[in-house]
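Hi everyone, thanks for coming.

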Amino acid sequence: MGVCSRLFLLIQCVALLAQSACGDSGGICEICGERPPGKMYLMEDRVRGKQVILCERCARLPDTCSVCQIPVFRNYTKLSDGRFLCEYDVKDAVLDQDSALSVYRDAQRDVFSILNGLGVLPDRNISVQLVDQKELSRIFSATPGAHHDLNLQGVTRTRRFSKDSFEHQIFLCLGLTRSRMAAVAAHEYAHTWINENVPRDRVIDGDTVEAFCELTAYELMQQRGDKRELRLIVENAYTRGKIDVLIKATTDYQYHRVAAWMKSGTDETIESHRTERVIALKDAPPPLFGYIPVVHARAPEILRLKGLSGREPRRYALINDITLERGEEAPVKLAEKTLVVRCLDIASNAVILRINGDTNLVRLELDSFPTR
Ligand SMILES: [Zn+2]
Ligand SMILES: [Zn+2]
């Protein structure tokens, strides 16, 4: 319903445009090839990036191409689920299982290189099936916790048999273009990666999960230099803006940090004004205070422990203007540079820090207990 009314609005808008642009003089309708009396309309064909002139009769045709949204009149293909493809988009559409599998495999191979070094990469425990949209909707509504993807273009179903044993089924929608299907394949593959790598007790907001999957598709399309898919990913409102935030975090801190955050971040989402939280990670439980071999390296003069708060086991250290718990890591901005500071332990009047991953640990005392 939403799509229908939006399309109608779009047609109304372009009608005004057409009136002012070409008036009633009009050209030949590009859909029916005729020149009937009445208004001419302009519609944007976003696939081919051009304007299409159409007559009033064609603008009101009920059936539109599921790829370019332009009304179909002749030489179109009707899919088993009732959708249509125009004569241009049918040429690039994935319409059989073998082609779907080859598009999927190419995408998965490229996503492997994107997720390289980031934990388990599911592979042989994934089955891929091309289904029409009716079947996809049926699978979607029968899958608890499944999500609705970009007007439902893919669904991932994961079954967990034991702690490390999973089986994934990926369903891809019939009739997508090859590049769209590759983007959906990358998105769904990211779901299998999340399902195997993100601990079950880690809470991540739903839009952020979907945005991470979109981000993975975005990385793939960037690797392939596919500008149209990049635009489609940024423009779709599916993740309610979260994709923009994750793209920003990736620009600032790189994709692998965002993926590491998915696995062990301390926050449930990332906000656009605080993308530095992407490097705040939960650590394995730190050793008890006193057992860490502390090397008495001098902390950079301008790194200061300004305060300690909270109660055991949740104590907080205020280091410059960043608050850290045990095991948390965050960038601390200094006048000249930014240090990545990890808090290993909090004592009654001091903290043990690891700075920029250095093996030498730093003990920083409270401001009122200055170190010498
Ligand atoms: Zn089309
Ligand atoms: Zn998804």
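Among contacts in the protein chain between residues at least 6 apart in sequence, what percentage join residues at least 24 apart? It comes to 54%, where contact means heavy atoms within 4.5 Å.

Some housekeeping. This is a predicted model, in which local features need pLDDT of at least 70 and side-chain atom pairs count only at pLDDT 80 or more, while totals for chains, interfaces and linings use all residues. Residues are numbered from 1 along each chain as its sequence is written, chains are lettered from A and ligands numbered from 1 in the order in which they are written, and side-chain values use heavy atoms, with hydrogens and water left out.

The protein chain has nine helices and 14 strands; these are DSSP runs numbered from the N terminus, with helices being H or I of at least four residues and strands being E of at least two. Of its 372 residues, 47% count as buried. Buried means under 20% relative accessible area, exposed over 50%, and partly exposed in between, using a 1.4 Å probe and protein chains only.

Now to a helix pair. The axes of H5 (residues 178-197) and H7 (residues 227-235) come within 10 Å and cross at roughly 50°. Those axes are lines fitted to C-alpha atoms over the stretch in contact, and angles run from 0 to 180 degrees between N-to-C directions. That makes H5 oblique to H7; under 35 degrees would be roughly parallel, over 145 roughly antiparallel, 65 to 115 roughly perpendicular, and the rest is oblique. On the H5 side, the contact is made by Ser179, Arg180 and Ala183, and on the H7 side by Arg228, Glu229, Leu232 and Ile233.

Staying with H7, its buried residues are Glu229, Leu230 and Ile233. They cover an arc of only 105° around the axis, so they sit on the same side of H7; the arc is that of the directions from the helix axis to the C-beta atoms. Their cover includes H5, H6 (206-224) and H8 (242-253).

Arg228 also turns up elsewhere. Val47, in the loop between strands E1 (40-45) and E2 (50-55), is in contact with Val67, Cys68, Asp89 and Arg228, leaving aside neighbours within four places in sequence.

Arg240, in the loop between H7 and H8, has a positive phi of about 50° although it is not a glycine. At 67% relative accessibility, Arg240 counts as exposed. Gln254, in the loop between H8 and H9 (255-264), has a positive phi near 80° and is partly exposed at 46%.
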